[in-house]
Structures are given as structure tokens and as C-alpha cells.
Amino acid sequence: MRQIRKFVLAGAGLSLMLTGWSTPAGAGPAGPAHTPAPVVARSPEAQARATAQRVEVTRERSATSTVYANPDGTYTAELSPTPVRVRQGGGWAPVDNGLVTRADGSVGPKAAGTPLRFSGGGSEPLVTYGENARRIVLRWPGKLPKPVLSGATATYPEVFPGVDLQVSATTAGFSQVLVVKSRQAARNPALRRVGFGLSTSGLSAKVGPTGITAYDRSGKAVLGSGAAAMWDSAGARSQSRMTLTNGRLVLEPDRRLLAGSATKYPVYVDPPWGTTTSGFVMVFSGHPNDTYYGGDGDRIAKVGDCAWDYCNGIGIARSYFQFNASALKGKHIISAELNAFENYAPSCSARNVELWWTSSQVSNTTTWNNQPFGRGTNIHLGTRTVAYGYSSACPGNWVGCDAVEAVKHGVSQGGITTFMLKAQNESDALAWKKFTILPSLSVVYNSYPGTPTAPTAEGKSCGTAPNEAYVNPYVDNDPAKGLRGPRLATKVTDADGGNLRVKFEWSNRSHTVLGTATTAGLSSGSSFAADVPASLAADGAKLSYRAIGDDGTDVGPWSAYCDVTIDRTAPTGDPSVASSTYPECLGADCPAGGGIGQAGTFTFDAGGDADAVGFRYGLDNDQTPLSVPAGAAGGTASVQVTPTANGPMDLYVRTVDRAGNLGTVLHRYHFYVG
């Protein structure tokens with residue numbers, strides 16, 4: 001939220017270190033030790049204002065987002081399509097997929113968003129992925145050799161003659177790859193059908209034409225694999241057939257690629273796994289039924305018509321990126337920009353690339369044939385004419401495009417926001433482009449102030465009639481100093497904290513505005529107050545008021561109306577008093593009752609005076625310091641009174657109205673104790 005600049009001063013500390021000094025000869029004793037005042041840590045918002053630089057708000061960190069407080073009081077969220085940090089211990093650590101051997105002999109990444117464990121060899125499961133309550137386990141159908149670790153990849157050598165098994169930790173999950181190193185190895189009958197054990201906890205797995213999807217108990221897809229892709233060392237691509245029966249996942253590699261005469265070895269067979277809302281998916285027109293969930297293995301996003309010798313028939317490429325912006329629900333989206341780094345173009349001749357928002361999400365089942373573009377709602381966000389990454393004449397560079405409408409739409413649909421990059425002319429080979437797979441979505445936003453709560457008038461809670469507040473305000477609460485208007489108050493908070501102003505608007509009961517007042521800035525959550533002019537506070541005036549918060553960038557919603565009635569007329573009824581323990585003295589007839597220390601019940605009755613809602617009373621005290629509410633307007637109330645002496649005593653009683661006005665009649669109840 002934009003902070004109110006009048007209130008920007010924050011505490012700061014200053015420390016000096018002096019070295020090489022000594023006490024001069026003859027100097028007196030040192031003075032008393034000075035305890036420095038504690039340094040108050042400034043909030044990121046205060047630091048941003050003081051330095052005119054944005055400052056990270058670490059409390060808002062997540063796996064895929066970094067939030068900054070801006071000097072003007074707004075915030076910037078930098079979102080990533082895949083995790084950039086993970087929870088570790090009591091804080092955050094950057095994602096680090098580098099594998100290490102753990103104390104129990106298993107292998108796993110140094111810092112991963114989802115628990116991931118690879119086998120350390122032997123009969124332990126090949127892969128265990130996910131939390132205990134939602135977990136998937138893959139097993140190799142035999143004992144595994146001890147893995148060789150290299151970066152994010154564990155290689156189990158020679159699981160078949162001439163065939164290595166590799167598993168890799170990825171940002172989205174993990175991948176498993178069979179590496180067939182020679183034509184002789186490809187002829188092994190064991191490669192016709194490679195079976196893995198697959199079990200789940202808290203999930204149910206189903207196989208489809210585009211891979212395996214694991215669903216939680218509510219039916220939500222949470223984990224999945226893409227189709228089992230295959231490619232050789234020359235880039236030729238195909239897919240393996242994948243089936244799942246009775247806990248056995250079977251891969252059947254395409255024999256035409258596995259052992260074809262033109263095949264270049266090694267050949268790789270790779271079904272990637274991960275969360276089903278992976279932030280990156282590609283689709284190829286040349287492989288219209290294949291999934292490229294998390295990419296096609298080279299960590300590059302591709303766009304346009306790949307009509308070059310190295311393309312191996314992928315055809316037209318489109319790249320989808322998906323961001324979780326759910327934390328921005330209910331916020332004011334001020335601006336947004338998507339930035340993607342283009343690292344290759346086939347020439348320095350600029351061509352148009354388009355950015356689109358799609359209403360449908362992508363997942364591990366997305367293919368060219370079922371992609372979101374062309375279905376549902378698609379919004380063209382912008383076109384950029386660029387060519388970066390071909391040579392030093394046009395080196396790689398960021399390409400940015402306004403994305404505010406996409407974020408607004410995505411947030412309105414729950415938060416998941418999906419973008420697509422495509423060439424404008426998908427028949428132009430020079431429009432072929434490559435981008436890194438980690439674009440950045442930068443969103444400037446502000447939280448709206450909350451609805452004002454806890455409305456009062458003169459400290460009394462109020463609502464609409466008949467539950468309005470009745471008041472009779474005086475200057476300094478002293479009738480001798482004259483009349484004043486009622487003081488109105490309410491509380492307002494803002495999710496971003498900081499300072500707020502509140503506007504009060506008062507009107508008659510038809511809500512014709514009679515006046516307004518705006519408070520000075522106070523911190524979020526404070527009680528804000530304003531005074532109605534005395535000219536509007538004549539006896540019998542019936543007012544309504546409402547309030548609205550303002551953080552300097554946005555205003556929040558209006559509060560509900562609160563009704564206030566000015567009542568400056570005291571009740572005139574004479575209350576009656578009765579007690580069976582201490583009967584009233586009536587003339588010469590004054591029967592004794594009770595005794596010292598014996599409590600007696602006294603009942604006060606307003607006699608149906610609708611203006612009386614309570615009583616003030618005092619024992620031998622005509623200032624009536626004590627009070628008790630009536631059971632209903634004009635009704636009764638009972639109190640316990642304990643005399644402290646024998647002999648005659650007086651109980652003084654007045655009625656009190658809803659505005660706190662004391663009744664004009666002071667009733668004296670005379671009785672005898674003992």
C-alpha cells in the first residue's frame with residue numbers, strides 16, 4: 001500500500017568505533033557506563049521510503065515469489081514459473097538440485113521443493129517422490145548398482161548390458177532416462193518391455209495417452225508424468241508406449257528408433273515426472289499427440305517454425321509458461337510485465353513474437369492437439385519485433401511485454417496465470433526463436449484498505465435504528481462549557497500495514513450528506529476519530545455516518561451506516577423503590593428491618609417510562625454513583641444493598657435514559673436498619 005508521506009520518520013542507530021586512544025595521565029575516573037538506546041529495526045516499508053530503493057519483504061517469500069516494498073508504498077512481486085527456493089530448517093534456501101549421498105545411504109538433491117529420494121543401490125526403491133501423505137514410489141525390477149553422481153544426475157551403470165539408468169532431480173520433479181549406448185545393446189530382448197514397480201500413498205495413478213497422472217483423494221491431479229519421449233543423438237524423436245497394470249509400469253520403446261538403421265547412439269528413453277502444474281510446457285505440430293511437460297530435455301523454450309536441418313520434424317513450436325499468482329487475489333493489480341530471455345534467433349533479421357494469455361491451464365497432459373490456444377478465452381497481450389542471440393551483432397536479450405490484463409484475469413480465476421509465446425508468422429523460418437525456461441513475471445500491486453469495523457459514537461457501539469447510539473455530548477463532558485457534536489470512531493486495517501487515513505461522512509437518515517472529515521494518518525489497525533459540528537447536534541437530531549479507509553493509493557469499501565440520535569432531554573419520571581428486607585418508612589410508621597452487614601434486595605421501577613433504560617443510585621449519597629440497567633426500557637432492576645450501620649438510612653435513585661441523561665426526579669427511599 002502507498003504510505004502516507006507525512007508519517008515517514010523511523011528510528012535509526014549510529015555507532016562509532018575509535019581505536020588507539022588512551023586515558024591521559026591524571027585523568028579522572030571514568031563516568032558511569034552508558035547503555036545505548038536499543039536500535040529499533042525498521043520495516044522493509046520504512047527502509048524503502050527512507051532509501052528511495054525497493055527492499056525485499058522477506059515475510060512474503062514463497063517458493064516461486066519474491067516481494068519488494070517500493071518507496072511509493074506499493075509492492076512488487078517477482079514470480080517464477082517454477083520454484084527458485086525451498087524451505088530448509090527455519091528459513092529459505094535456493095533450489096539446488098545437486099545430488100549428495102545422505103546418511104542413510106540414499107541419494108537426493110541438496111535443496112528441493114518436494115521431498116525426493118533416489119536409491120543408493122541395492123534393492124531400495126529407485127525413486128521416492130512426495131510427502132508421506134501424497135507419495136509415489138518407483139522400483140527397478142532388480143538390484144541396482146551403486147550410482148555415480150554428477151550434478152543433478154545419478155547414473156546406475158549397466159542395468160542391462162550396454163544400458164545405463166539415469167535419474168535426475170529437476171525443478172519440476174524428476175526424470176528417469178534409459179541410456180541405450182549401442183546398437184548391440186538395443187537388440188537386447190529385455191528392452192522390448194521394461195517394467196517398473198509403481199506404488200502410491202494417498203494417491204491413485206492412472207495412465208493415459210499423454211502419460212500418468214496421480215490424483216489425490218479429492219480427485220485433484222497433483223503429480224504426473226509426461227509421455228515417455230525417446231530421442232537419439234542426432235535429435236530424431238519418438239515415443240514409447242506406456243501401460244500401468246496392477247502396480248507395474250511398463251515402457252515399450254519404439255523399435256523403429258531404438259534399433260533403426262539411421263539411429264545414432266546413445267538413445268534416450270525419458271518419462272519426466274513432477275507436479276501437474278509445472279510452469280513450462282511445449283507443444284509441437286510435428287508431434288501433435290506428444291507431451292513436452294517441462295520441455296523436451298534441453299531446458300530451452302522454443303517458438304515458431306523449425307524448418308532447419310536439426311529440427312527433426314518438430315514443426316511449429318509454442319511455449320506455455322504458468323505462474324501461481326494466487327497470493328495476489330483481492331489486490332489492486334497496478335501493472336505487470338512478463339520478461340523472457342531470448343537466447344537464439346536464426347539471424348539478426350527481426351521477426352514478430354506474440355504473447356498471449358489463455359484461460360485454460362497446461363499440465364502433464366497438454367499436447368499440440370489439446371493445447372489451450374484456440375480454446376476458451378485467449379487474450380493477445382502484445383507483439384515484439386526482435387531478433388536476439390544469433391551473433392555478437394544481436395546478442396541475447398530480454399523481451400518484455402505488458403501482462404496486467406493477464407494477471408487480472410488469472411487472479412480472478414483463482415490465481416494460476418498461463419501465458420503462451422508464439423511466432424506471429426508460423427510459416428516464416430526466420431521467426432524461429434529460443435528462450436530460457438525461466439521468464440519473470442513482475443507485478444506491482446497494492447492491498448485495498450479493509451472495511452472499517454467497530455463503529456462507535458461517543459464510545460458507544462452503534463448500528464442502524466432501532467439499534468442506534470443515543471448521545472448527549474458536551475465540551476470536555478462538562479455541561480457548563482457548552483454543547484458539541486458527537487465524536488465518531490472506527491477501526492481500519494490494511495493487509496500491507498503502514499499508515500492510513502479515514503474519511504468520515506455524516507448525513508441525515510435519508511443519507512443526504514451533511515458533512516465530511518478526513519483524519520490524519522495513523523498506523524493500520526488504529527482507531528480513527530472525527531467530530532461532527534455542534535451545529536448538527538441539536539436535541540432530537542437523527543444522524544447517520546459511514547467511513548472509508550485510504551492508504552494513499554487505493555480506498556477500501558465503505559462501512560455500513562451507523563445511526564446516531566442526539567438526546568439532550570432528561571427523563572422526568574419518578575422511579576419507585578421497594579424492598580421486603582428493608583421496608584420504606586411511611587410517615588411515623590418506620591418498621592426496622594435487616595441489620596448491619598445483612599444484604600437486602602431493592603427493586604427499582606421506571607413505571608413504564610420508555611425513555612428510562614436504567615437507574616443510578618447511592619446509599620446515603622444523593623450523587624447516585626452506582627448504576628444498574630433496567631431489564632427493558634421503562635422496566636425494573638434489582639440490586640443488593642448492604643447497610644453498614646444501624647438506624648435510619650436513605651437510598652437515592654434516579655432514572656437514566658439511553659443518552660446517559662440523569663432523570664430530573666431524585667427519589668429518596670427512607671428506611672430503618674436494625
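I take buried to mean under 20% relative accessible area. The model is predicted.

**Helix 1.** I looked up which residues of helix 1 (residues 44–51) are buried, and found Pro-44, Glu-45, Ala-46 and Ala-48. The cover over these buried residues includes strand 1 (55–56), strand 2 (65–69) and strand 3 (75–79). After helix 1 comes Ala-52, with a positive phi near 60°.

I traced a sheet of five strands in the order 47-53-52-49-50, open and with mixed pairing. Strand 47 (592–593) and strand 50 (626–629) are its edges, each pairing on one side only. I then looked at strand 49 (residues 614–619) and strand 52 (residues 647–656), which run antiparallel and are joined by six bridges. Gly-618 sits opposite Tyr-652 of strand 52.

**Disulfides.** I count four disulfides, and their pattern along the chain is 1-2, 3-4, 5-6, 7-8.

The link is left-handed, at -75° about the S-S bond. Cys-306 has 7% relative accessibility, so I list it as buried; Cys-311 is also buried, at 5%.

Next I took Cys-348 and Cys-394, with S to S 1.9 Å. This pair links distant parts of the chain, 46 residues apart. Its link is left-handed too, at -80°. Cys-348 is partly exposed because its relative accessibility is 38%, whereas Cys-394 is buried at 7%.

I also looked up Cys-462 and Cys-562, whose sulfur atoms are 1.4 Å apart. Cys-462 is buried at 14% relative accessibility, and Cys-562 is buried at 1%.

How values were computed
Residues numbered from 1 in each chain as written. Predicted model: local features only at pLDDT ≥ 70, side-chain atom pairs only at ≥ 80, totals over all residues. Heavy atoms only, no water. Buried < 20%, exposed > 50% of the residue type's maximum accessible area, 1.4 Å probe, protein only. Helix = DSSP H or I, 4+ residues; strand = E, 2+ residues; numbered from the N terminus. Contact = heavy atoms within 4.5 Å. Pairing = 2+ DSSP bridges. Disulfide = S-S within 2.5 Å.
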